[in-house]
Structures are given as structure tokens and as C-alpha cells.
Amino acid sequence: MSIFDKFEDIRNILADLSQGGQNPLEVRFDDIRSPVEGTVDGKRVLLFGTSNYLGLTFDADCIEAGVQMLRQCGTGTTGSRIANGTYTGHASLEKQLAKFYGKRHAMVFSTGYQANLGLISALAAREDHLFIDADSHASIYDACRLSSAEIIRFRHNDANDLARRISRLKGKPGSRIIVTEGIYSMLGDTAPLREIATVKRETGAYLIVDEAHSMGVLGAHGRGQCEAAGVEADVDFVVGTFSKSLGAMGGFAVSDLEGFNLLRVAARPYMFTASLPPSIVATVSAALKRIQDDPSLGARVRANGQRLYYGLEKAGFSLGPQPNPVVAVKMPDRDTAVTFWKYLLAEGVYLNLALPPATPGSLALLRSSVNAQHSDEQIDFAIAAICRVGRRMGLIEAARFKQPVKQAEKLALPAE
Ligand code: PMP
């Protein structure tokens, strides 16, 4: 008997994944050269699975700001802000975020995961009721575990189902708190925020929107799906991450509500963990400034998402419901997805393999994400590679993508 016996199923899955080439869960990059190129096992690959939506990880201003602050303030804060104090950078980033969203208050967390954990678990107490979308991210589900509120799941992106479930609580005390996301990370679909905001208004509920995958991507100013849907005034709390469009690490929540700052001493995932290093805070602040100064970044990543989506749709693949920078190709089963992923890596394209239980509806997905730095040629190269593998595996008809494949096949990855 071993304490790890309970992981026997996982052990078998890992053994399966390791057969016949690279284990998708153990990819090791020898080198990352830019937001779009890396090296795996000595082979150059194009990166189509990063969530680095604006491609800011190598932005010169962000790097310079981080390096300067690293020299000035050292490598880390070594403690929580409640115990060890706040650095100037934390406070000024919170001001910058509040201003960006046009809200009165902002709180910076050490990760986006902790932002959801902290905000949701602190807001939703025993007498309250949390309504979460069935396809919510793990951090939202884990926040529910940490909260003592009643948890009610509503059907994915179904505002009518949400309204029905809220109405069943008639007469019961406690706050109703709705949690949704901007863009959903697995299928790349957006939440119907206008309809959800109407339910919120009609029922007197609070509304939290996690814009992890939509900040910097959607909305004329990059404020996400809340901005794109025109519902910012209805949203009580926006949550987000610095680990995607802002190219670094950390999370945040913003709100206009009086009392928001009480969360600093009520949210355990804020209180009991070290605060972000000032160098990270500086890169995030510079990246946020880039979003504000250059709206073309958002336009570019949206256009790139459409190019990849429509290219794959035309070829006959089954995709998520709408074009966004997250483009998911649905695979018939897990084994096909794994083999497809391995062939694709050999073709020089890296993307994410997403398998149940991390996926909605137990789907096996090849999940790709474009960023603002991908060129048209690189996207066409990825489409051509996906089509070649799709044809080889009998998943698409050869005829449907004949011409574009021929053109794109001429492109090659840059020489070593
Ligand atoms: N919310 C959503 C919707 C996410 O997809 C993620 C990360 N994948 C997070 C929160 C957590 O973000 P972080 O990586 O900053 O912890």
C-alpha cells in the first residue's frame, strides 16, 4: 500500500501519454526566443499555445522597467502586504488599474487564481448564494470550496437558466452573487453579458466577471467583454490576471463598491501569501500603459484570431462557437487528440492539448491561442500544418483545403 495508490488512474494516463513521442504534459522548452518562437528538444517551434495575447513578454519597455526595479528593490518582498507592508509599486499599480477600469478601488493579488479565490470566498458567506457558470475555471470552483455559501451552477452561458435558478430562492435571505467569465478559456466563446446583466439588475444580485482571457483583447480600450458588451456599469467586480495579456504574473480585482478595501483583511488568499515582487509589478504597470497607448494591439490579436479560426473552419474542422484569439479544434476522442498533438509538434507547431476533466462536456481539444505578434505567414503556416495532420489522420477531406495548403506549405520555419 502506498499513499499514491489513489493516483493509479493518473499514473496509467501519464504512461499512455508518454508512448510514441513527447508527453504533452511534460513539454520542456530549451529556449523561448520571442512571443511566437521557442525550441523544444532542439527543434524550433512556432508558439500557438501561450495566452500571451498581446505578445508583451519581450516588450522592451516592460523588460527595462522590470530590470530597473529589480536593481532598486531587490528580488522579492518576502511576505504579505498585511504583515510586511506595501511597496510604492503595489499602490501605484492599484491606482493605475482603478483608473484603467474607471472604478474607485483596485486590489492586486499574487496570481489570478488567488484573485478569484480571495474575492469570491471572502464575499460569499454562509447565508449567501453563489451562482456560477457550469464551465467556470478551476479557480472559481476552488473559490466555492473555500466559501461557505450555497453553490448553484447554471447552464453554460444560459441567462434564462440563471434567472430561473435565482427566482427559486425567492424569500430566502442572503446575497445573490453571479460569477461569469469574459472569454471562456477552453472553447474561446464569450459570455452573453448583456443578458446576464439584465438578470443581475432584475434580481438585485451582484455580478463578478473574470476577464482573464479578454483583458486587452476585447473592447475598444481593452477593458474586456464588459466593455465590448456595454455593461461596465452593471458589473460590481472585474477580476483578471497579469499572466496573459500583460505577460507577467499576478492578479487583480477592481470595484466601485464602498467597503471593497475591507477585503484586504478578509480575503485569506490576499493576506496569507507573499505580495508580488516589485520588478513584476513594474513590468505589469508598463504593459498596462502599452495597452492604453496602443489600441492596435487588441485589434491585431482579434484579427489574428479570426484568420486562424476561419482558416480552420474553411478546412472543415469542428471548432468552438465563435472566432476569438482562443481557437479550439474539437477532436473525436482523447487518443486522436494526443496523436494529433504529437504530429503537430513534429511539424513545428506547439499548441495546448486540453483533455477532460479540464474541458467542458468532456471534449478532447487542441486548444490554440494567437497573439498580436503572430504574422499572417505564421498563422497560415499553422493552418497548413494542422490541415496536413488532419488529412493524414482522415479528419478532414483533402479537397477542402487544397489551394491554401499548397501556398502555405512553401513557408518554412526560419533556419536554426
Ligand atoms: N481565471 C481564468 C478564467 C483563467 O483561465 C486563469 C488561468 N488560466 C485564471 C483565472 C488564473 O490566472 P493565473 O494564471 O494568474 O493564476
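## Polar contacts between the domains

Seven residue pairs, both members at pLDDT 80 or more, are in polar contact across the interface of domain 1 and domain 2. By the rule applied, that interface has zero salt bridges. The model is predicted.

## The domain 1 side

Four elements, β1 (29-34), α12 (296-315), β11 (326-331) and β14 (364-369), each supply at least two residues of the side of domain 1 that touches domain 2. The most comes from α12, with four residues.

How do the residues on this side divide by class? The side of domain 1 that touches domain 2 has 17 nonpolar residues, 10 polar residues and four charged residues.

## Domain layout

The protein chain is split into two domains. Domain 1 covers 9-57 + 295-408, and domain 2 covers 58-293. Between the C-alpha centres of domain 1 and domain 2 the distance is 28 Å.

## Contact and buried area

How many residues of each domain are in contact with the other? Domain 1 contributes 31 residues and domain 2 contributes 27 residues.

Together the two domains bury about 2,300 Å² between them. Carbon and sulfur atoms account for 62% of that area. Of the area that domain 1 buries against domain 2, 25% is supplied by Y53, L56 and T57, more than by any other three residues.

Terms used:
Residues numbered from 1 in each chain as written. Predicted model: local features only at pLDDT ≥ 70, side-chain atom pairs only at ≥ 80, totals over all residues. Heavy atoms only, no water. Domains from an automatic or database assignment. Contact = heavy atoms within 4.5 Å. Buried area = accessible area lost by both parts, 1.4 Å probe. Salt bridge = Lys/Arg side-chain N within 4 Å of Asp/Glu carboxyl O. Polar contact = N/O pair within 3.5 Å; in protein donor to acceptor, adjacent residues only side chain to side chain. Nonpolar A, V, L, I, M, F, W, Y, C, P; charged D, E, K, R; others polar.
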